[in-house]
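Here is a briefing on one protein chain. Please keep the sequence and the 3D view open while reading.

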Amino acid sequence: MRKILLQESEIPTKWYNALPDIPNGLEPPIDPATGQPATPEKLCAIFAPPLLEQEMSAESWIEIPEEVLDKLTMWRPTPLVRAKRLEDAVGAVARIYYKNESVAPAGSHKCNSSVAQAYANKVSGITKLTTETGAGQWGSALAFACALFNMECLIYMVRCSYEQKPFRRSMIHTWGAEVVPSPSDTTECGRRVLARDAQCPGSLGIAISEAVEVAASRKDTNYTLGSVLNHVLLHQTVIGLEARRQLEIGGEEQPSVVVGCCGGGSNFAGIALPFLRDRLDGRRIRFVAVEPAACPTMTRGHYAYDYGDSSSYTPLLKMFTLGSQFMPPGIHAGGLRYHGMAPIVSALIRESIVEPVNYTQLPCFEAASLFARSEGIIPAPESSHAIRAAIDEARKEENRDKVVLFNLSGHGHFDMGAYDKYLSREMEDFELPDSVLEEAAKTLPAFGFDKLGVA
Ligand SMILES: *Cc1c(COP(=O)(O)O)cnc(C)c1O
């Protein structure tokens, strides 16, 4: 069987909340003003109460609201596909399956959370949402969701992507949202950055600061984040829950290796977390989290409390981080250039349950091209990292006759400039020197600093 499909009626009706299952738990977000755990009252200034409830919930299963399910069925359940032609092309000894999240309206898994977040804000009386976007995927997903719920939407888009990806902008406009290149002169923190460096290409950290500043200053406006936070990972668990069910009805065994690419960790968590209990119950299953060598948060970062943005507006999160002032080099997987990693994914690395790996972009684009030529779909540069690792796992003798499952987080239709660079051999790999990472790490707040989990 090439494709395993679920009926619309078989869409998961509950999200799986991994929080209560994480061995030794998570450390709480800290309010930098007090040094104490951040209070929900303070976070309510920018986040909708239902999302804060999900963020801290101790319930293992959380009901997906009817209205959100109704929107999700516009493209869900998504197909689970056996990549037989890819297996043959790469000489795989394992069976490779991928969950195809590229079929969502904005082209990636991000729509799973954008509709859930827009709905939670709508029922909380909020009329306008702000956010940041790097590659433009989250911005377009939120613009789409706001269109469905008749909400206003303001997006700060990292300036270099704004210039490189005019059609992501056009998508956002088509769905009726406003998009501003960041750093901008519309916020205090943006103006501060521009005063220092008028040519600043921007970063996710700066764009987050701008979006948070606007949301914090207006009662009718909230901020939304496309990854990292517990509630975002929660919304993405529909991916793994569906995949699990699809393998079951396809008469296939459950995976021995689950692979996802990691920017802030949400699509990886979405496909991996629904298999966490199997691992905790003693089943041999590995979780491989793939990041770019140019932004090596999990493989070369620090496990420490750090800010989520570059202007220190957010609470401190305990996570793997390169430091909030880290300026990632301009690689083509724009969605993987964030300085931090989801606290849930970070804690699972701490517990040696999740294995982080990194790849440079050339071998990822090679894998993406192989995938496009064998399976037909042109992957997002972000997703190419998962494909690379899935291919390498599927060739290992230890995985012979086993199932390797990866998440195809999105398509690359707006990234053809990157493919052109790869095909014309203009794309380069380079080593990120230790000195750059050491410089960025100096900006880590003194609070609870430790390296790689060693206090
Ligand atoms: C945003 C994005 C990612 C990275 O974000 P996560 O939260 O780590 O999933 C990966 N792939 C695609 C296609 C994206 O748009």
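The points below run from the overall fold to single residues.

This is a predicted model, in which local features need pLDDT of at least 70, side-chain atom pairs count only at pLDDT 80 or more, and totals for chains, interfaces and linings use all residues. Residues are numbered from 1 along each chain as its sequence is written, and side-chain values use heavy atoms, with hydrogens and water left out.

**Overall fold**

- The chain has 19 helices and 17 strands. Both are DSSP runs numbered from the N terminus: helices are H or I with at least four residues, strands are E with at least two.
- The radius of gyration is 20 Å, close to the 23 Å that the globule rule gives for 455 residues, so the chain is as compact as a globular protein of that length. The radius is taken over C-alpha atoms, and the rule is 2.2 Å times the number of residues to the power 0.38.
- Along the principal axes, the C-alpha atoms fill a box of roughly 55 × 50 × 50 Å.
- Of the contacts with a separation of 6 or more, 76% join residues 24 or more positions apart. Contact means heavy atoms within 4.5 Å.

**Surface and charge**

- Buried residues make up 63% of the 455 residues. Buried means under 20% relative accessible area, exposed over 50%, and partly exposed in between (1.4 Å probe, protein chains only).
- The chain carries 44 positive and 55 negative charges, and their mean positions are 3 Å apart. Lys and Arg count as positive, Asp and Glu as negative; His and the chain ends are not counted. Each charge is placed at NZ of Lys, CZ of Arg, CG of Asp or CD of Glu.

**Salt bridges**

- The structure holds 26 salt bridges. Each is a side-chain nitrogen of Lys or Arg within 4 Å of a carboxyl oxygen of Asp or Glu.
- Asp31 pairs with Lys42, with the closest N and O atoms 2.9 Å apart. Asp31 lies in strand E3 (residues 30-31) and Lys42 in helix H1 (residues 40-43), so the pair ties together parts that are 11 residues apart in sequence. Asp31 is buried at 9% relative accessibility, whereas Lys42 is partly exposed at 48%.
- Lys99 and Glu242 form a salt bridge at 2.7 Å, N to O. Lys99 sits in strand E7 (residues 95-100) and Glu242 in helix H11 (residues 230-249), so the bridge ties together parts that are 143 residues apart in sequence. Lys99 is buried at 0%, and Glu242 is buried at 0%.
- Arg350 and Glu351 meet in a salt bridge at 2.9 Å, N to O. Arg350 is partly exposed at 26%, and Glu351 is partly exposed at 23%.
- A network of salt bridges links Arg286, Glu355, Glu393, Lys396 and Glu398.

**Buried residues and their contacts**

Contacts here leave out residues up to four places away in sequence.

- Glu101 lies in the loop between E7 and H5 and is buried at 0%. Its contacts include Arg76, Thr78, Ser108, Asn112, Ile239 and Ser409. Glu101 and Ser409 are 308 residues apart in sequence and 5.2 Å apart in space, C-alpha to C-alpha.
- Ser108 lies in the loop between E7 and helix H5 (111-122) and is buried at 2%. Ser108 contacts Glu101, Gln137, Ser409 and Gly410.
- Thr297 lies in helix H14 (residues 297-300) and is buried at 2%. Among the residues it touches are Glu291, Phe320, Tyr338 and Met341.

**Backbone features**

- The peptide bond from Arg76 to Pro77 is cis, with omega near -10°. Pro77 is in the loop between helix H3 (66-72) and strand E6 (80-82).
- The bond from Ser182 to Pro183 is cis, with omega near 5°. Pro183 is in the loop between strand E10 (178-182) and helix H9 (188-196).
- Asn24 is not a glycine, but its phi is positive, near 65°. Asn24 lies in the loop between strand E2 (14-16) and E3 and is exposed at 68%.
- Ser352, also not a glycine, has a positive phi of about 60°. Ser352 is in the loop between helix H15 (343-350) and strand E16 (354-359) and is exposed at 54%.
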